[in-house]
Amino acid sequence: MMENKELEEIRHMLREQGYITEPSIVMSVFLAKALKKPLLIEGPAGVGKTEIAKVMSRALDTDLIRLQCYEGLDATHAIYEWNYQQQLLHLKLEEQSDKSLEEREQNIFSERFLLKRPLLQAITHHRAPVLLIDEIDRADEEFESFLLEILSDWQVSIPEIGTIKATHIPQVIVTSNRVRELSEALRRRCLYLYVSYPEFEKELQIVRGKVPGIDQKLGEQICRFMQEVRQMRLEKIPGVAETLDWAMALSALHIDHLDKEIVESTLGIVLKDWQDIRQASLSLTELLEKVGAISKFENL
Amino acid sequence: MDRPLIKRQTTLTANVVAFCRFLRQKGYTVGPREEADALQALLAIAPFHSPEAMQLCLRAALARTYAQLHTFDELYTQYWRELDKAVDSKLKDGAPEPGQKQKPKRGAQEPSLMNIKNWLQGNTQQEEAEMAAYSAQEALSHKDFSVLAEAEMEEMRQLIARIARALARRESRRRKASPKPLQLDLRRTLRTNMRRGGELLELRYYKPARHKKQIVLLCDVSKSMDLYSRFLIQFMYGLQSAYQHIETFVFSTQLYRATAALRQRDFGQALSELSGRVPGWSGGTRIGESFHAFSNEHANRLLNKQTVVIIMSDGWDTGDTALLGESMKRIHQRAGKVIWLNPLAGSQAYEPETQGMQAAMPYIDVFAPGHNAESLKALQRQLR
């Protein structure tokens with residue numbers, strides 16, 4: 001039981017946006033907003049970490065600005081870059097004018113020729129957006145410390161122009177798949193939330209919410225199957241996204257229960273690694289028995 | 001009588017701060033900033049009447065890692081239970097006499113809850129003393145690494161510095177200006193030519209950045225490796241401090257990423273941090289499971305054709321050997337080079353006969369002894 005009105009509101013909004021919520025998620029999202037702190041969300045791939053940011057931006061009725069991290073991500077892709085082509089063109093056009101050199105230089109190094117990348121976009125947006133920094137663990141450590149600087153000062157300095165201060169402080173959401181330990185400094189700056197694979201009941205709710213027409217029994221079997229598959233030693237453990245894809249596919253085929261043949265022919269939707277598929281196929285009977293889709297005595 | 005209730009309400013702020021300190025003792029990084037976060041968080045969710053909301057709120061505000069998230073609830077219960085007792089007994093006995101000293105519990109393995117009461121009474125000095133005693137105790141109860149001979153250390157340091165230099169030479173070419181027309185550096189081209197009124201006469205180029213060589217070190221710290229462990233640790237620490245692009249993992253029954261612990265500037269500190277944190281140090285060996293964990297969680301980011309994987313292990317495996325072979329195959333497929341240093345291989349009569357070694361053998365590029373400083377010199381050549 002929670003009595004805080006705003007907290008209830010957030011829960012309501014999250015639910016309304018089709019997000020099945022646990023109390024811990026609601027609390028973290030609420031506190032991130034209330035304390036104006038970045039929220040660091042960790043968890044395995046495919047559990048809907050990114051989704052939280054999307055839902056949050058819809059719930060707050062503001063824009064979502066996304067920075068996808070990757071190895072080698074640097075300032076020119078994360079903050080700003082000059083639009084060289086336009087600068088050159090502009091210089092050519094101005095050739096005949098009698099402007100002085102200084103004037104021309106000032107002209108081409110103005111905001112007009114500045115390409116704003118996500119971080120700069122976020123702090124100069126006309127209203128506080130949700131800034132999603134996705135998979136920060138993919139970027140290298142230098143970028144992390146660089147990000148820290150922006151998260152604490154909320155300003156960017158560009159040598160040619162000067163310092164650009166944030167017009168609004170964005171609501172920051174950082175996600176990580178835990179590929180790499182994040183620095184202590186970054187952790188301390190953020191609130192922390194861990195999202196794991198959903199329990200059976202929760203996953204079933206999600207499936208029913210997103211695939212409304214699904215057969216009741218099929219939905220249960222799919223979710224139970226996913227719970228079992230995640231216990232196996234796999235290269236890539238399937239997330240909720242895979243569950244939904246599978247549920248949609250089977251539902252579209254008007255299938256109302258799982259059997260060996262159906263699973264075998266559609267396993268590629270759930271598992272994305274050749275060895276995983278082979279491994280699951282080998283123990284398919286056992287898996288389906290656990291799920292309750294076939295009984296032990298059926299094949300005798 | 002509603003005196004206890006009033007008491008508890010008015011001291012909520014003090015209690016939350018004391019709770020933060022309790023967490024700090026339990027290894028949480030909780031400073032004044034986090035204390036403020038916790039209080040603001042409670043303020044934000046007010047009015048709340050359920051204890052669960054408060055617990056949820058404090059957890060969301062204070063837990064900052066996965067591990068903390070899991071221990072939080074237990075610590076929370078522990079703290080408030082103890083506090084309740086303290087408040088109750090206080091009411092019974094009346095206020096404690098000023099200046100009364102409480103003896104710290106002897107031989108207590110955990111930071112004693114006495115501390116909380118001391119905090120509540122403002123006795124911080126004793127807290128600090130007790131905390132220091134606690135950490136000293138802990139270091140001793142774990143494996144003793146403090147017997148490293150200074151001379152050995154020095155030799156090791158020099159050798160590692162040489163290895164690091166050899167590596168550094170290979171990565172010295174970063175993105176930099178190039179006289180050859182490779183790729184146009186527009187930013188610098190524009191800047192240079194502005195002086196001539198914007199006519200592009202002089203073009204500037206840069207070379208693409210070269211990938212730096214990444215080293216991944218996987219060290220076996222199980223029981224059978226005990227003899228070599230001090231050598232290993234020196235090696236890991238030295239290489240880590242001399243070379244930036246290195247990730248160090250240790251394993252026995254499970255994998256642990258040691259890079260952060262080894263980055264401590266002080267060697268002693270790094271040691272105690274490692275010995276305190278690594279699960280199953282000097283335990284059994286499950287190489288297969290550990291490598292599988294590595295290839296699952298870290299391979300994507302760490303392994304590419306520029307990566308050199310160095311494994312230090314004797315190959316004694318009590319786990320799943322088939323899994324070891326499988327994981328080695330994956331690592332080998334992705335890495336540039338796999339080097340296995342086996343301390344047993346130093347002896348002339350050694351044959352890699354253990355099952356684990358047999359399973360791994362096909363996926364090793366260089367198999368070499370790794371039992372002393374001499375063998376490291378050979379390694380230096382391999383890294384080129």
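Modeller: Helix H2 of chain B runs over residues 12–25 and holds 14 residues. From its first C-alpha to its last it reaches 20 Å, close to the 20 Å expected at 1.5 Å a residue. This is a predicted model, and the values that follow are computed from it. The buried residues of H2(B) include Asn15(B), Val16(B), Val17(B), Ala18(B), Phe19(B) and Cys20(B). Phe22(B), Leu23(B) and Gln25(B) complete that list. Just after H2(B) comes Gly27(B), with a positive phi of about 95 degrees.

Next, the charged contacts. Side chains of opposite charge can pair when their charged atoms come close. Over all chains the count comes to 22 salt bridges.

One of them is formed by the side chains of Asp37(B) and Lys37(A), at 2.6 Å from N to O. This pair crosses between chains: Asp37(B) sits in helix H3 (residues 32–45) of chain B, while Lys37(A) is in the loop between helix H2 (23–34) and strand E1 (39–42) of chain A. Asp37(B) has 5% relative accessibility and therefore counts as buried. Lys37(A), at 11% relative accessibility, counts as buried because the cut-off is under 20%.

Glu34(B) and Arg188(A) also meet through their side chains in a salt bridge, at 2.9 Å from N to O. Glu34(B) lies in helix H3 of chain B and Arg188(A) in helix H9 (residues 184–189) of chain A, so this pair joins two chains. Glu34(B) has 0% relative accessibility and counts as buried, whereas Arg188(A), at 25%, counts as partly exposed.

Lys37(A), Arg188(A), Glu34(B) and Asp37(B) are linked, together with Arg64(B), in a network of salt bridges.

A further salt bridge is found within chain A, where the side chains of Lys290(A) and Glu286(A) meet at 3.7 Å from N to O. Both residues lie in helix H15 (residues 284–291) of chain A, four residues apart, about one turn of the helix. An α-helix has 3.6 residues a turn, so residues three or four places apart point the same way. Glu286(A) is partly exposed, with a relative accessible area of 45%.

Notes. Residues numbered from 1 in each chain as written. Chains lettered and ligands numbered in written order. Predicted model: local features only at pLDDT ≥ 70, side-chain atom pairs only at ≥ 80, totals over all residues. Heavy atoms only, no water. Expected span 1.5 Å × (residues − 1). Buried < 20%, exposed > 50% of the residue type's maximum accessible area, 1.4 Å probe, protein only. Salt bridge = Lys/Arg side-chain N within 4 Å of Asp/Glu carboxyl O.
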